[in-house]
Amino acid sequence: MKKIEEMKSFEQAQKEYVPEEVHRLDESSMQWFRDAKFGMFIHWGLYSMLGKGEWVLFSERLNVKKYEKLSEEFAACRFDARAWARAAKDAGMKYMVLTTRHHDGFCLFDSRSSSFNAMNSAAHRDFVKEYVEACREEGLKVGFYYSPLDWRFPGYFFPDLYWENALELKKQCHDQLMELMTNYGKIDLLWFDGEWLALGGIDWSSEQGWFRRPEWAVSEYMKVNYFWESEKIINEIRRLQPDIMINNRFGWEGDFHVRERRIDDIRTDKPWDSNDCIADSWGYIPGRPVLSLRELVHNLISIVVRDGNYLLNVGPTGDGDMEPEQVERLRQLGDWLQKYGDTVYKTRGGPVIPGSWGGTTYRKNRVYVHIIEWQQDTVKFTIPDNELVSWRSLNARDAELTEDGGNIEIRVPIASRDMLDTIIELEFKEEIHWDGVEGKENDVYGLGDGLK
């Protein structure tokens, strides 16, 4: 009699997989990222035509074949990669990350691995190629977002039942990654999203219908590096792109960590980014309120004083146009960074532990104090074992500073405080040397089965 266990391919794959060792990049190879501080995320695809966000195929339970036919209308007549890159540069951003393919499976590039791509759309263009060229023209680092999963494959939702189909999904992922890493020259950053299967643990009951298990984060469908053979693919990518930075959303720890729509605590031992939306949606949804300049400055400063990068998303329309209000807000932030970017770029977070009031950045022997919320009339902190040589206010009148044995107290009258960020520059006799803070992430990504 046949044993049931012999017919469970998914479980067998887990038992047989031996993960390869993957080395993170060294710090020198990631210095550009630590220096950059600020990048543009772009979510754009067929879903942008429907104006209900990038999850519309799944969330609205659309017919896959009818959704695929949207490509016949995807002319993207207002797409201009150079305008996108200029908007990023004008905002003070140093790199961009484009969704080369999201969970709906539609490729913005010319893929031989799937006919569901932009070259076969009404536009008949390789948008990724144009994007890469535009980034390079503007001196921006080039980043690719790629989702391994694809909602058009039943094997994604039920890998146990549709094992051969799941393997087709896996092959598509591998082949498309090789295309992206081969066909567009040097790529600086790869931003994975979607390492899980079956939505991390989809289930069904007569009472609830389809639902996601409460324990999805630790389900057998979340730690599936053995399915993707993540480490093997990462090593293949490394051979093609030796210096590429890769995040932690493909079943391994990553060169850098992603904090999606959250900031959390300071962490200096590993690069990280905090990604969020300028208009509360990744994919285009009309009428969403745009973050104010104050909110953008506060987000940026709250992140950089914690030693992270701000990856700010813009979702262009289905035609490929960035909304004018969003572009204008980005330009305003760029104007602010023109004045105060020296306190942000090429700095590190610290040596003061940040708080709700703000925090500090530093470079060599200079510390920049960023006060974004005055909860009391003074801000107090300590920088020991170094002599304060001088200080100056960069944007506040009547600032007062007292120092005694490394204990520093700053006072600025209410009328003299900057409405966005009161900045004080401190110059010390010696360079700042600080051990930093080793962080612990509060999420489940990058925890592949069989890995530490």
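Modeller: The lining of the second largest pocket has nine charged, six nonpolar and four polar residues. Here Ala, Val, Leu, Ile, Met, Phe, Trp, Tyr, Cys and Pro count as nonpolar, Asp, Glu, Lys and Arg as charged, and the others, Gly among them, as polar. This is a predicted model, in which local features need pLDDT of at least 70 and side-chain atom pairs count only at pLDDT 80 or more, while totals for chains, interfaces and linings use all residues. Residues are numbered from 1 along each chain as its sequence is written, and side-chain values use heavy atoms, with hydrogens and water left out.

About 310 Å³ of space lies in the second largest pocket. Of the 19 residues that line this pocket, Gly92, Met93, Lys94, Leu140 and Tyr345 are the closest to its centre. A pocket is an open set of points on a 1 Å grid over the protein atoms alone, where a 1.4 Å probe fits and protein lies on both sides within 12 Å along at least five of seven lines; lining residues have an atom within 4 Å of a point. Points are joined across faces, edges and corners, and the volume is the space filled by probe spheres set on them.

Helix 2 (31–36), helix 5 (81–90) and helix 12 (324–340) each supply at least two residues of this lining; helices are DSSP runs of H or I with at least four residues, and strands are runs of E with at least two, numbered from the N terminus. Helix 12 gives the most, with five residues.

For the largest pocket, the lining has 14 nonpolar, no polar and two charged residues.
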